[in-house]
Amino acid sequence: MSAPVAMVDVRGVHKWFGQLHVLRGVDLRVGAGEVTVVLGPSGSGKSTLLRGINHLERLDRGSVRIDGELIGYRRAGRTLRELKERDVLRQRAHIGFVFQNFHLFPHLTVLENVTEAPIATRRRTRPAAEAQALALLARVGLGDKAASYPRQLSGGQQQRVAIARALALEPKVLLFDEPTSALDPELVGEVLAVIRSLAETGTTMIVVTHEVGFAREVADTVVFMDEGRIVEQGPPQEVLDRPRHERTRAFLSRVL
């Protein structure tokens, strides 16, 4: 009996920036409804991997598939050719991405930030998009902020708007690139609580973070990266409590 298709299937991914070999043959599989948390020191390739999954970074070698679909490329015989931008945008509509610095449109209200993509890319009517957006804002605890502008919100509130915006396209997978790193410490908990609630509802997620306690509580799989490679991965209780690799032990000794 063949193994089920992974929701996210990363195979043999390499990425160079000039002479710098940032990703060195990364393989990663994430099943539907699973939460994978990626840990590692700065410069280890975590964010580049995430951006490669969404084709915000072009891969130099290897492939990424989401729900079985090759992302960013099409096969032409034995070679891969990059898709046209409109086709990449169509694929990205199924891959939610939450950035560390929010990336909200400052001239739009909270409601408009959440409704813009569904109206533009999914051709939803404005009333339908607004009804969905209001429900999502209530879900992340911001039902009373629909008419506010980003500058009127705290960093934690802005990040929760960004999560609602990503959810509005009903993505197959959500990618979080250090979603709490730009926040004051007292605001981190409110964002992690929203991500935790998404995990409880079976949302497929890959979360790049330095929040080891969050990884222990929420992750199905913890991945530790260093120098562009996955050094080890497994259940949180194994990777965090009984790491096999010396590099993982050294990293955890500094952050715990």
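**Exercise 1. Identify the side chain with which the side chain of His21 makes a polar contact, and describe the setting of His21.**

Solution. Step 1: the side chain of His21 makes a polar contact with the side chain of His14, at 2.9 Å. A polar contact is a pair of N or O atoms within 3.5 Å; within protein, one must be able to donate a hydrogen and the other to accept it, and residues adjacent in sequence count only if both atoms are side-chain atoms. The model is predicted: local features need pLDDT of at least 70, side-chain atom pairs count only at pLDDT 80 or more, and totals for chains, interfaces and linings use all residues. Residues are numbered from 1 along each chain as its sequence is written, and side-chain values use heavy atoms, with hydrogens and water left out.

Step 2: His21 lies in strand S2. Strands (E, at least two residues) and helices (H or I, at least four) are DSSP runs, numbered from the N terminus.

Step 3: His21 counts as buried because its relative accessibility is 19%, where buried means under 20% relative accessible area, exposed over 50%, and partly exposed in between (1.4 Å probe, protein chains only).

Step 4: apart from neighbours within four places in sequence, His21 is in contact (heavy atoms within 4.5 Å) with His14, Lys15 and Trp16.

**Exercise 2. Determine the order of the strands in the open sheet.**

Solution. Step 1: four strands form the open sheet in the order S2-S1-S4-S5, with antiparallel pairing. Its edge strands are S2 (20-30) and S5 (69-70), each of which pairs on one side only. Two strands pair if DSSP finds at least two bridges between them.

Step 2: strand S1 (residues 8-17) runs antiparallel to S2 and is joined to S2 by eight bridges. Lys15 stands opposite Leu23 in S2.

**Exercise 3. State whether Gln132 is buried or exposed, and list its contacts.**

Solution. Step 1: Gln132 is placed in helix H4 (residues 126-139).

Step 2: the relative accessible area of Gln132 is 16%, so Gln132 is buried.

Step 3: the side chain of Gln132 makes a polar contact with the side chain of Glu170 at 3.5 Å.

Step 4: not counting residues up to four places away in sequence, Gln132 touches Pro118, Arg124, Leu167, Ala168 and Glu170.
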